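Please read this briefing alongside the sequence and the 3D view. It begins with the chain as a whole and then turns to selected places.

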Amino acid sequence: MNIDRSPGDFERAAQPAPGPVGRAWVGVKSWSSRNPRLSRVVWFAVGLALLALLIWAIYPAKNQGRRGLINQGAQPVGVARAITGDINVTLNALGTVTPLSTATVRPQVGGMLIKINFTEGQMVKAGQTLAQIDPRPYQAALDQARGQLARDAATLANAKVDLQRYQALLAQNAIAQQQVATQAATVRSTEGIVVSDQANVETARINLGYTNIVSPVEGRAGIHLVDIGNIVQAGQSNGIVVVTQLDPMSVLFTIPEDSVGKVVSRVGSGAILPVDVYDRSQTNKITSGNLSAVDTVVDPTTGSVKLRALFDNKDNKLFPAQFVNVKLFVETLHSQTIVPVAAIQRGADGSFVFVVTPEKTVTQRDVKTGVQDGNNIQILSGVKPGDTVVVDGADRLREGADVEIPNQNVKIAAPSGGENDAARAARLAHARAAVAKACSTDLQKLCPEVKPGSREMRMCLFQHRDDLSADCSKAMSQMRRGGGGRRGGGGGATP
């Protein structure tokens, strides 16, 4: 008997029989095809279960990493040591570059401009001819004055000869006394005319010289304001050109009247006060000079005093009317306690710093600051040389907080005694004893191996802060409030 089979039957017959997993999967597919709605709900539930399993598998790793950071307990900080050194007292001010001489060259006689003897931007010397006015009218006026002088001088000489002759005749009683007196008056009148003629000649000579327009000062010539062929007038407002003295150059600046006494005292003692000028960004130093003058009055509108400093400007680093930042060096204070400016924290009660103890905890110390010199600042009270202060990471610290110093290269010395250190230490010790007593049960349960009152105890309690009893949590909160006083910044920190 012949049985007809399709090619698909032969292929299925050639395939091996499915295993248990395959038969289960075929059964699931068959069930899904018979129950489509129910299968969607089941598959959605299975997906949620797998997602929850995945989150559960990932979360412990993240939590373990976070707890690894918490287990450190201490806040990483950067520190520096207070030192004894010199600190410079400087006054900062805004200044304007002001030339010692700025002359607008104006014609002193009128006429046509026939020549310009300079190029714009040229360095010129005092007395150098910059331009020329047509000199012919003034030469003619000089010649005329000279001719008038020569005629009147001849008249005077003739009058003097007549006077001598009359005086000789008078001696012989040949003429009257009145005639001699009249001739003497004529001589004196003619002498006055000659003097006037000499002045006219000098005036004409001066006016002729004014046709050569010269520079009154040494400096740089600017852009010429009048062209050749223009008619200029004596004393016209715009002038011919502006000449500006560039070397030496001065800078005018002002300082508060409260600082004038110290500057005047130093100048009066014969000290030469250096002055440095910087650009607008106060990063690039332009040049250095010395203080040359202090004004004699205080400006009542601003309460400031004007000062002038002189600078060698052969390299033309200072440009007229340029705005600069000025640093006036007043004096150097020797053997001062110095800390970095970054160590100073500001609070409602004033300035303070965090001092690090050898036990890697911090104590808050009120300080009084003085002069700031760059990145360093003078400490008048509160910190002594050798104390280690926090310069980075202080915003999350409080009194008694544990700290960690990465890459420590500073040996932590015992801090010097401060004004309130004894009271703070007693209060902190009392608070820690209260925590050890209130948290004794929690410690036996959570950290049985740590010693009460130790740093490890505080780290353990902080690590398990979510599992503490109410009494223990309250005692820790009281220690934070009572032992810390004023906080240095926001956020929580280790107790």
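Helices (H or I, at least four residues) and strands (E, at least two) are DSSP runs, numbered from the N terminus. Counted this way, the chain has ten helices and 23 strands. This is a predicted model, in which local features need pLDDT of at least 70, side-chain atom pairs count only at pLDDT 80 or more, and totals for chains, interfaces and linings use all residues. Residues are numbered from 1 along each chain as its sequence is written, and side-chain values use heavy atoms, with hydrogens and water left out.

**The chain as a whole**

- Of the 495 residues in the chain, 34% are buried; buried means under 20% relative accessible area, exposed over 50%, and partly exposed in between (1.4 Å probe, protein chains only).
- The chain has an accessible surface of about 28,900 Å², and carbon and sulfur atoms account for 55% of that surface. Accessible areas come from the Shrake-Rupley method with a 1.4 Å probe, and for residues only the protein chains shown count as cover.
- Contact means heavy atoms within 4.5 Å. Among contacts between residues at least 6 apart in sequence, 75% join residues at least 24 apart.

**Helix 4 and helix 5**

- Two packed helices are described by the angle between their axes and the distance between the axes.
- Helix 4 covers residues 136-171 and helix 5 covers residues 177-210. They pack at an angle of about 160°, and their axes are 8 Å apart.
- This angle makes helix 4 roughly antiparallel to helix 5. Angles under 35 degrees count as roughly parallel, over 145 as roughly antiparallel, 65 to 115 as roughly perpendicular and the rest as oblique.
- The axes are lines fitted to C-alpha atoms, for helices over the stretch in contact, and angles run from 0 to 180 degrees between N-to-C directions.
- Helix 4 and helix 5 cross in a left-handed way, meaning that the near helix is turned anticlockwise from the far one by less than a right angle (clockwise would be right-handed).
- The residues of the contact of helix 4 with helix 5 are 19 nonpolar, twelve polar and seven charged. Ala, Val, Leu, Ile, Met, Phe, Trp, Tyr, Cys and Pro count as nonpolar, Asp, Glu, Lys and Arg as charged, and the others, Gly among them, as polar.
- L149 is a residue of helix 4, and L149 is buried, with a relative accessible area of 19%.
- Leaving aside neighbours within four places in sequence, L149 is in contact with V194, D197, Q198 and V201.
- L149 and V194 are 45 residues apart in sequence, while their C-alpha atoms are 6.0 Å apart in space.

- Most residues other than glycine have a negative phi, and most peptide bonds are trans.
- N173 is not a glycine, yet its phi is positive, near 60°. N173 sits in the loop between helix 4 and helix 5 and counts as exposed at 69% relative accessibility.
- Q282, also not a glycine, has a positive phi of about 60°. Q282 is found in the loop between strand 13 (274-278) and strand 14 (285-294), where Q282 counts as partly exposed at 44% relative accessibility.
- The peptide bond between D247 and P248 is cis, with omega about 0°. P248 is in the loop between strand 11 (241-244) and strand 12 (249-256).

**Other places in the chain**

- K125 belongs to the loop between strand 6 (123-124) and strand 7 (129-133). K125 counts as exposed, at 57% relative accessibility.
- Not counting residues up to four places away in sequence, K125 touches S215, V217 and E218. K125 and S215 are 90 residues apart along the chain, and 6.9 Å separates their C-alpha atoms.
- I223 lies in the loop between strand 9 (219-221) and strand 10 (231-232) and is exposed, at 59% relative accessibility.
- Apart from neighbours within four places in sequence, I223 is in contact with E120, I240 and V241. From I223 to I240 there are 17 residues in sequence and 8.9 Å in space, C-alpha to C-alpha.
- A436 is part of helix 7 (residues 421-438) and counts as buried, at 17% relative accessibility. The C-alpha atoms of A436 and K451 are 9.4 Å apart, and these residues are 15 residues apart along the chain.
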